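Subject: Structure handover

Hello,

Here is the structure for you to look over. My notes follow below it.

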Amino acid sequence: MQERALKAAGFAGEYREYPVKPEDLTGWLETVGQLGMNGFNVTMPHKIPVWDWVLSKGRLGNPRRDQAIGALNTVVMEEGRPIGYNTDGQGGMDSLLNPLSGVAPFQTLKRVSVLLLGAGGAARSLAVYLKDAMEGGTLYLSNRDAEKWDSLCKKVGAEFVPEREIEKA
């Protein structure tokens, strides 16, 4: 799928999987420059450790948003230095505002209230992007574990809704 997407976009390249165990991540990151890659994507459980590595060796591509999210899923190598991004939030926004079907559920998110369920990395990223787009709307966050949302609610100015009160929100 990834290689077909590269070709369709007119890029010469290949997509390879590098299964890296958490205990081997530091060593793999130290050799990534020698692999001749233009970039790589990151999945769990590596999103936060790679964020730390990018901060120590390179920079964040979207500092304000990526700093609030605290995890990365994409790294671009530029002159041997990593530039890290989290594209999950933008992907979520695209599905709301510019879906492939051509029928956008929303024209804008200004003054809209949204309830976001979950506490994973993609949800964290989407919360940051949603709050930026809502301009006057209210972002409600819910998850079974309230502690996971506490810091994010404070960072983005969202309100936490306990799971048992979702129907009222």
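In which helix does T26 lie? T26 lies in helix α2, residues 25–31. Helices (H or I, at least four residues) and strands (E, at least two) are DSSP runs, numbered from the N terminus.

This is a predicted model: local features need pLDDT of at least 70, side-chain atom pairs count only at pLDDT 80 or more, and totals for chains, interfaces and linings use all residues. Residues are numbered from 1 along each chain as its sequence is written, and side-chain values use heavy atoms, with hydrogens and water left out.

T26 is exposed, at 57% relative accessible area. (Buried means under 20%, exposed over 50%, partly exposed in between, with a 1.4 Å probe and protein chains only.) Its C-alpha atom is separated by 8.6 Å from that of P49, 23 residues apart along the chain.

Aromatic pairs

There are three aromatic pairs in the structure. (Rings of Phe, Tyr and Trp, the last by its six-membered ring, pair if their centres lie within 6.5 Å; planes under 30 degrees apart are stacked, over 60 edge-to-face, the rest tilted.) One of them is Y18 with W28, tilted, at 5.7 Å centre to centre and 55 degrees between the planes. Y18 lies in the loop between α1 (2–8) and α2, and W28 in helix α2, so the pair ties together parts ten residues apart in sequence. Y18 is partly exposed at 31%. W28 is buried at 17%.

F40 and W53 also form a tilted pair, at 6.4 Å and 45 degrees. F40 is in strand β1 and W53 in helix α3, 13 residues apart. Both are buried. Y18, W28, F40 and W53 form one aromatic cluster.

Sheet

Four strands form an open sheet, in the order β1-β3-β4-β2, with mixed pairing. (Two strands pair if DSSP finds at least two bridges between them.) The edge strands are β1 (39–41) and β2 (59–60). Five bridges join β3 (74–78) to β4 (81–85), and these two run antiparallel. T74 has Y85 as its bridge partner in β4.

Core

The largest nonpolar core has 22 residues. (Such a core is a set of buried Ala, Val, Leu, Ile, Met, Phe, Trp, Tyr and Cys residues joined through side-chain atoms within 4.5 Å.) L116, L139 and W149 are among those with the most contacts inside it. Which elements give two or more residues to this core? They are α4 (63–69), β5 (114–117), α6 (121–134), β6 (139–142) and α7 (146–156). α6 gives the most, with seven residues. A second, separate core of 16 residues includes W28, V50, V75 and M77.

Best wishes
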